[in-house]
Amino acid sequence: MRLLKLMRRVERVFLFLAALILVAMAGITFVDVLGRYLFNRPLGGAFGLVAIGMALMIFAALPEVTARNEHVAVSLVNFLPDVVQAVLRIVMAIVTALAFCVLAWRFFEHAARLASYGDYAMYTGIPYAPVAGFMAVAAGIAGVFRAIRIVLGDTDAVPSQREEVA
């Protein structure tokens, strides 16, 4: 289906962004440590850059993680019949979609509030509003794409029961 292919491409773009952000964070940390120990001059604002990078990386990976059903999960219902577990998996997929949509809505509101305040990182001067906006977009994509997969009956939308590793 064309829509699912488009969704996969968008998820891959976000995953690629997450990888780039991770590489940038590693580079910032490397330069900071190198400067600190070799030249006694740490990279100014490195901590703030890595903190912003961490938030961006987590949310950039969110659409792909959601599409693969790789969220951290604890199964407490293994004793229930398979039919009940299947229904619970569908319910949880719906709850996940709704939760990400609500999260996106709240992040959009927060981004607007940050923009109205003009809030920014003290040392680097990076404004926080675009960061919150990106997080809202990523959460929204994860939630809407999950909902679309549920409606289309895509088997990837509902997590399968995985074998537990002891």
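Biologist: Which residues form a nonpolar patch on the surface?

Modeller: In this predicted model, a nonpolar patch on the surface has about 600 Å² of accessible area together. The residues that form this patch are Phe30, Val31, Leu34, Leu38, Phe39 and Leu43.

Biologist: Is Leu38 buried or exposed?

Modeller: Leu38 lies in helix α1, which covers residues 2-38. Its relative accessibility is 59%, and the cut-off for exposed is over 50%. Leu38 therefore counts as exposed.

Biologist: Does Thr66 count as buried or exposed?

Modeller: Thr66 has its place in helix α2, residues 46-68. Leaving aside residues up to four places away in sequence, Thr66 touches His71, Phe100, Ala142 and Arg146. Because its relative accessibility is 2%, and under 20% means buried, Thr66 counts as buried.

Biologist: How are helices α2 and α4 oriented, roughly parallel or roughly antiparallel?

Modeller: Helix α4 spans residues 128-152, and the axes of α2 and α4 are 8 Å apart, at an angle of about 10°. An angle under 35 degrees counts as roughly parallel, so the orientation of α2 to α4 is roughly parallel.

Biologist: Which residues of α2 make the contact with α4?

Modeller: On the α4 side, the contact involves Tyr128, Val131, Phe134, Met135, Ala138, Ala139, Ile141, Ala142, Arg146 and Arg149. On the α2 side, the residues are Ile52, Ala55, Leu56, Phe59, Ala60, Leu62, Pro63, Thr66 and Ala67.

Biologist: How many salt bridges are there?

Modeller: Side chains of opposite charge can pair when their charged atoms come close. A salt bridge is counted when a side-chain nitrogen of Lys or Arg is within 4 Å of a carboxyl oxygen of Asp or Glu. By this rule, the count is seven.

Biologist: How many residues apart in sequence are the parts tied together by Glu64 and Arg8?

Modeller: Glu64 and Arg8 form a salt bridge, with their closest N and O atoms 3.2 Å apart. Glu64 belongs to helix α2 and Arg8 to helix α1, so the pair ties together parts whose separation in sequence is 56 residues.

Biologist: Which residue forms a salt bridge with Arg149?

Modeller: The closest N and O atoms of this pair are 2.7 Å apart. The pair links distant parts of the chain, with Arg149 in helix α4 and its partner in helix α1, 138 residues apart. Both residues are buried. The partner of Arg149 is Glu11.

Biologist: What distance separates the C-alpha atoms of Leu3 and Ile148?

Modeller: Leu3 lies in helix α1 and counts as partly exposed, at 38% relative accessibility. Not counting residues up to four places away in sequence, Leu3 touches Ile148 and Leu152. Leu3 and Ile148 are 145 residues apart along the chain, and the separation of their C-alpha atoms is 9.2 Å.

Key: Residues numbered from 1 in each chain as written. Predicted model: local features only at pLDDT ≥ 70, side-chain atom pairs only at ≥ 80, totals over all residues. Heavy atoms only, no water. Patch = residues over 30% accessible without salt bridge, like charges linked within 9 Å, V, L, I, M, F, W, Y side chains within 5 Å. Areas by Shrake-Rupley, 256 points an atom, 1.4 Å probe, with all protein chains shown as cover. Helix = DSSP H or I, 4+ residues; strand = E, 2+ residues; numbered from the N terminus. Buried < 20%, exposed > 50% of the residue type's maximum accessible area, 1.4 Å probe, protein only. Contact = heavy atoms within 4.5 Å. Axes fitted to C-alpha atoms, helices over the stretch in contact; angles between N-to-C directions. Parallel < 35°, antiparallel > 145°, perpendicular 65-115°, else oblique.
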